[in-house]
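Biologist: Could you walk me through the side-chain contacts in this model? I'd like the cut-offs as we go.

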Amino acid sequence: MRAKISYVITAAVLVFYFALVGSRGVMLIETGTPITVVFGVAVLVLPVIGLWFLWKNTQFVRRANQLAAELDAEGGLPVDELRRTPSGRVDRDSADEVFARRKAETEDAPDDWRSWFRLAVAYHDARDTPRARKAMQRAIALHDGKRVEAA
C-alpha cells in the first residue's frame with residue numbers, strides 16, 4: 001500500500017510539473033517572435049513525452065499487479081525463499097540459485113505467462129531491473145494472447 005501511495009504522489013507531482021512547463025511553453029508561443037515560438041513548441045514537447053511515459057508506466061504496473069493477483073488466486077505466486085544478510089539485503093548466491101530454477105522453468109514452458117512472471121520476480125531479486133521489466137512485459141503479452149517473438 002505504501003508503494004501505491006508513493007506512486008500516486010509522484011505521479012501527481014509530475015502532472016503538476018508538466019502543467020507548469022506546458023503553461024510556460026504556451027507563454028513563449030504567445031510572445032509571437034519566431035525564436036520564442038520555436039522554444040515554446042520545444043518546451044511543449046517535454047510534457048507530452050513525460051505524460052506518455054507516465055501513462056505507459058502506469059499501465060505496465062496496473063497489468064503486472066493484475067497478473068500478480070491472478071497468480072495469487074491460483075496459489076502460484078513465488079514464495080520468498082531467499083536468504084538475507086543481517087542487514088536484510090538478499091544474499092547474492094541465494095538469488096542466483098532461485099534465478100537458475102526460474103530460468104529452467106521458463107525454458108521448459110516458454111509460452112506460459114506464469115513462468116515468465118516468476119522469472120521477472122527472480123530478475124528483480126537479482127537486481128536486474130531491465131531484464132525483470134522485459135520478462136514481465138512478455139508475461140503480460142502471453143497472458144493477453146499476443147504473439148511474442150523469441151528473444
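Biologist: Is Arg114 buried or exposed, or partly exposed?
Modeller: Arg114 counts as partly exposed, because its relative accessibility is 25%, where buried means under 20% relative accessible area, exposed means over 50% and partly exposed is in between, with a 1.4 Å probe and protein chains only. This is a predicted model, in which local features need pLDDT of at least 70 and side-chain atom pairs count only at pLDDT 80 or more, while totals for chains, interfaces and linings use all residues. Residues are numbered from 1 along each chain as its sequence is written, and side-chain values use heavy atoms, with hydrogens and water left out.

Biologist: And which residue forms a salt bridge with Arg114?
Modeller: Asp112 does, with the closest N and O atoms 3.2 Å apart; a salt bridge here is a side-chain nitrogen of Lys or Arg within 4 Å of a carboxyl oxygen of Asp or Glu. Salt bridges with shared partners join Glu74, Asp112 and Arg114 into one network.

Biologist: How many salt bridges are found in the whole structure?
Modeller: The search finds 8, including one between Glu105 and Arg118, whose closest N and O atoms are 2.7 Å apart. That pair links distant parts of the chain, since Glu105 is in helix H3 and Arg118 in helix H4, 13 residues apart; helices (H or I, at least four residues) and strands (E, at least two) are DSSP runs, numbered from the N terminus.

Biologist: What else does Glu105 bridge to?
Modeller: Glu105 also forms a salt bridge with Arg102, at 3.4 Å between the closest N and O atoms, and because the two are 3 residues apart in helix H3, about one helical turn separates them. Arg102 is buried, with a relative accessible area of 12%, whereas Glu105 is partly exposed at 23%.

Biologist: Switching to rings, how are Phe99 and Tyr123 arranged?
Modeller: Their aromatic pair is tilted, 4.8 Å centre to centre with 55 degrees between the planes. Rings of Phe, Tyr and Trp (its six-membered ring) pair if their centres lie within 6.5 Å, and planes under 30 degrees apart count as stacked, over 60 as edge-to-face and the rest as tilted. Phe99 lies in helix H3 and Tyr123 in helix H4, so the pair ties together parts 24 residues apart in sequence.

Biologist: Is Tyr123 buried or exposed?
Modeller: Tyr123 counts as buried, because its relative accessibility is 16%.
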